[in-house]
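Hi there,

Here is the structure I promised to pass on to you. Have a look first, and my notes on the side chains follow below.

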Amino acid sequence: MTKHDVGEIAGFLRVPTPPEWFAMAPGNLDLLLIDHANCEKKAAASALNLMFKYVDRPELLQKMSSLAREELRHFEQVHDLMSQQGVEYRHISAARYASKLHGAVSSTEPNRLVDLLLVGAIVEARSCERFTGLVEVLPQPVAELYASLVRSEARHFQDYLALARAYAESGSVDTRLDELLDLDAELVTASDPDFRFHSGVPG
């Protein structure tokens, strides 16, 4: 990932992840890895769902096919790391982050497709930002994996955003993007009951 990519994502998101969240990560490594594995599966599923729903969008089909393969590979890497770290893969509750963002998605087309793509861009950007910060606080094997994932997450962010801009009927998504970015900022800075990869700060 280049400095330009880092700057682009930092400028895209409204607020950085609170430092308190990063401070809690090393002591909650098992929850972080389990939830991260779940997030990778959900990201692949979201890409596949878009492929099934929007079969008339050739560029979307190509981008989402590649993205789904990469997300499943990331899941495999995280799962392997969990085994190495002695983390048992078990069921845990999901963070409210993704459900709240997806809950804001329009129910009517073509706004629904654009909203789904914008949410995808925001989730990937936030993931990229968290990977970058986690590299500084986690033990070496985990930090090395997270450093290796940053570049692909940045590319996924760019792909989602470019597709949203291409498919927006008005030619502009800025107003809607502002609304969803404000929601992202609210969710990552608010108090959450549990520590998760995309949670706010538990407290």
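Before the rest, some ground rules. This is a predicted model, in which local features need pLDDT of at least 70 and side-chain atom pairs count only at pLDDT 80 or more, while totals for chains, interfaces and linings use all residues. Residues are numbered from 1 along each chain as its sequence is written, and side-chain values use heavy atoms, with hydrogens and water left out.

**Salt bridges**

The structure holds twelve salt bridges, each being a side-chain nitrogen of Lys or Arg within 4 Å of a carboxyl oxygen of Asp or Glu. One of them joins Arg 14 to Asp 182, with 3.5 Å between the closest N and O atoms. Asp 182 sits in helix α8 (residues 174-189) and Arg 14 in the loop between α1 (3-12) and α2 (19-24), so this pair ties together parts that are 168 residues apart in sequence. Helices here (H or I, at least four residues) and strands (E, at least two) are DSSP runs, numbered from the N terminus. Asp 182 is partly exposed, at 44% relative accessibility. Together with Asp 178, Arg 14 and Asp 182 are linked in a network of salt bridges.

Helix α8 also holds both Glu 179 and Arg 176, three residues apart, about one turn of the helix. Their salt bridge has its closest N and O atoms 2.8 Å apart. Both partners are partly exposed, Glu 179 with a relative accessible area of 43% and Arg 176 at 24%. A further salt bridge, 3.2 Å from N to O, brings together the side chains of Arg 165 and Asp 174. Arg 165 is partly exposed at 38%, and Asp 174 is partly exposed at 41%.

**Aromatic rings**

The search of the whole structure gave seven aromatic pairs. Rings of Phe, Tyr and Trp (its six-membered ring) pair if their centres lie within 6.5 Å; planes under 30 degrees apart count as stacked, over 60 as edge-to-face and the rest as tilted. Among the pairs is Trp 21 with Phe 22, which is edge-to-face at 5.2 Å centre to centre and 85 degrees between the planes. Trp 21 and Phe 22 are both buried.

Phe 131 and Phe 197 have ring centres 5.3 Å apart and planes at 45 degrees, so that pair is tilted. Phe 131 is in helix α6 (residues 111-134) and Phe 197 in the loop between β1 (191-192) and β2 (201-202), so to speak of sequence, they are 66 residues apart. Phe 131 and Phe 197 are buried too. Ring pairs link Trp 21, Phe 22, Phe 131, Tyr 146, Phe 195 and Phe 197 into a cluster.

Two arginines lie over ring faces: Arg 130 over Trp 21, at 4.1 Å from the ring centre, and Arg 57 over Tyr 167, at 4.5 Å. The rule asks for NZ of Lys or CZ of Arg within 6 Å of the ring centre and within 35 degrees of the ring normal.

**Cysteines**

The disulfide count is zero, with a disulfide taken as a pair of cysteine sulfur atoms within 2.5 Å. The sulfur of Cys 39 is 14 Å from the closest cysteine sulfur, in Cys 128, too far for a bond. Cys 128 is buried, with a relative accessible area of 1%.

Enjoy exploring!

How values were computed
Buried means under 20% relative accessible area, exposed over 50%, partly exposed in between (1.4 Å probe, protein chains only).
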